[in-house]
2 protein chains.
Amino acid sequence: MPTIDQLSINLATVREKWDLRQAVEGCARAGISAVAPWRDQVARIGLQESARIIRDHEMRVSGLCRGGMFPAATEAGRRAADDENLKALEEAVTLGAQCLVIVVGGLPEGSRDIGAARGMVEEGLDKLLQAARPAGMPIAIEPLHPMYAADRACVNTLRQALDMAGRLGDGVGVAADVYHIWWDPEVEAQIARAGSEGRLLAYHICDWLVPTKDLLLDRGMMGDGVIDLPRLRGAVEAAGYDGLHEVEIFSANDWWKRDPEEVLRTCIERHAEMT
Amino acid sequence: MPTIDQLSINLATVREKWDLRQAVEGCARAGISAVAPWRDQVARIGLQESARIIRDHEMRVSGLCRGGMFPAATEAGRRAADDENLKALEEAVTLGAQCLVIVVGGLPEGSRDIGAARGMVEEGLDKLLQAARPAGMPIAIEPLHPMYAADRACVNTLRQALDMAGRLGDGVGVAADVYHIWWDPEVEAQIARAGSEGRLLAYHICDWLVPTKDLLLDRGMMGDGVIDLPRLRGAVEAAGYDGLHEVEIFSANDWWKRDPEEVLRTCIERHAEMT
């Protein structure tokens, strides 16, 4: 059974009611010892203050969300993305994150060339890695569900992310989020591959609801959907992963509306019983 | 440039305003020479009458939609699905369809075991093929977008469908629908494989809108979205496919509300100019 010390809360899960300070304090009160903040949550409190709050509560940081969004229609746009990614990297280092999570971005405005977008992603990652390697910050490519290929991430399977990581070299791996990969007929084989290649950097959990009413903001709490979470945990453990299980739930009409104390209690219970 | 004699209209595209008779007559008036009906549209008019209407208008039938939906929670449910598939097969034969399109089905009620569901699909297809082969009716597995893995189809990529077809043997191939496969980093390689294995049975077109507002009923008209349709047509042609291009648009809040004459005119124009 998973234990509470393996649990991390992605702070998007409580973002509607709590800022970073409240969320870290809430997690600490609940006995949770790891979080994953988003950059906008950090910016609102300030980077140094966020780092202090996290340190004071002895929170581990399973990842910083997020860098990426590399493709752009213009050279200037791509340079701006590169600069933003260097800032994200600095923040991840300052916060002591275990990795910088990358959502790679989709098609540039007006483009239908997903191959070109994927090329921009790889080029952008290559540049970011020049700075991330000396900083010792692992870069975790998060393949997103294919329904986000156009507008959020044109890297959509573990196989694709691992192929890309293989070409890029050291310092880069994958974040395996069950929501994005549960459907993949190759999911177990590619998780095993990620482990054997030393690239399994993060494990994110939630659930896939039936029906899913919104493409972005209708993720479920573990146990409320159809993902076989024990099977996927078994796969990551068999691949040698002994890191945190990060709960990340975008849920505009359900969990985001609830009392965050209740949300955390439910995360703890469901993580123990249903994953 | 694609020509109008390559165009087929999946009758779901005009289903809100026209029954099968009206749709076939409308297509004939517009100079379109192929259609793909749904079984409920056939049932409403009657099978023999539908076949007569199609014959009288010298329409080719690019496929009958649809068989499949194999997984079920009980043996009785699975037998019922098998029986229903035999009926669909008979209808496809009577209508002179070029193939019976298969949407395989998702998870049985209450199940999280997608591997088991996939096993039920393969078993159901194996049974269906015992009857389809002597009838000379090709069975076209349509991999559906991963966002439908839970509730509509647990076969979600061309690779997976072709692996399954390879195990099943003769008489079964794939329907390649751009909406479901455009995002796949392997799409071109797997289309080429489908061709070289003699399993590329159908090609369906529409477009992926950004944003997509509904998981099921917000497909776009060719040219209104982000799919690189000429590239995918090039891939199927390079794979040796010289069959019909079937337009299938589920669009509750746009195309289904319009005058079907306008919809058909737009299909013809966009097929010629944008695909």
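**View 1. The open sheet of chain A.** In this predicted model, nine strands of chain A line up in an open sheet, ordered β3-β2-β1-β9-β8-β7-β6-β5-β4, with parallel pairing. Helices (H or I, at least four residues) and strands (E, at least two) are DSSP runs numbered from the N terminus, and two strands pair if DSSP finds at least two bridges between them. The edges belong to β3 (60-61) and β4 (64-68) of chain A; each has a single partner strand, so one side of each is left without a neighbour in the sheet. Look next for β1 (residues 7-10) and β2 (residues 34-36) of chain A, a parallel pair joined over two bridges. Here Asn10(A) has Ala36(A) in β2(A) as its bridge partner.

**View 2. The edge of the sheet in chain B.** Chain B also has an open sheet of nine strands, in the order β3-β2-β1-β9-β8-β7-β6-β5-β4, and the pairing is parallel. Its edge strands are β3 and β4 of chain B, each with a single partner strand, so one side of each is left without a neighbour in the sheet. Four bridges link β4(B) with β5(B), and the two run parallel. Within this pair, Cys65(B) sits opposite Val101(B) of β5(B).

**View 3. Helix α4 of chain B.** This helix covers residues 75-95, 21 residues in total, and spans 30 Å from first to last C-alpha, close to the 30 Å expected at 1.5 Å a residue (the expected span is 1.5 Å times one less than the number of residues). Its buried residues include Arg78(B), Asp82(B), Leu89(B) and Leu95(B); buried means under 20% relative accessible area, with a 1.4 Å probe and protein chains only. Among the elements that the buried residues of α4(B) pack against are α5 (114-135) and β4 (64-68) of chain B, where contact means heavy atoms within 4.5 Å. After the helix comes Gly96(B), with a positive phi near 70 degrees.

**View 4. Where the two chains meet.** Contacts link 32 residues of chain B with 32 residues of chain A. Together the chains bury about 2,400 Å², 66% of it on carbon and sulfur atoms; this is the accessible area (1.4 Å probe) that the two parts lose on being put together, summed over both. Arg112(B), Trp183(B) and Leu215(B) supply 26% of the area that chain B buries against chain A, more than any other three residues. The contacts of Trp182(B), leaving aside neighbours within four places in sequence, include Leu107(A), Ile114(A) and Trp208(B).

**Notes.** Residues are numbered from 1 along each chain as its sequence is written, and chains are lettered from A and ligands numbered from 1 in the order in which they are written. Local features need pLDDT of at least 70, side-chain atom pairs count only at pLDDT 80 or more, totals for chains, interfaces and linings use all residues, and side-chain values use heavy atoms, leaving out hydrogens and water.

Definitions and conventions: Buried means under 20% relative accessible area, exposed over 50%, partly exposed in between (1.4 Å probe, protein chains only).
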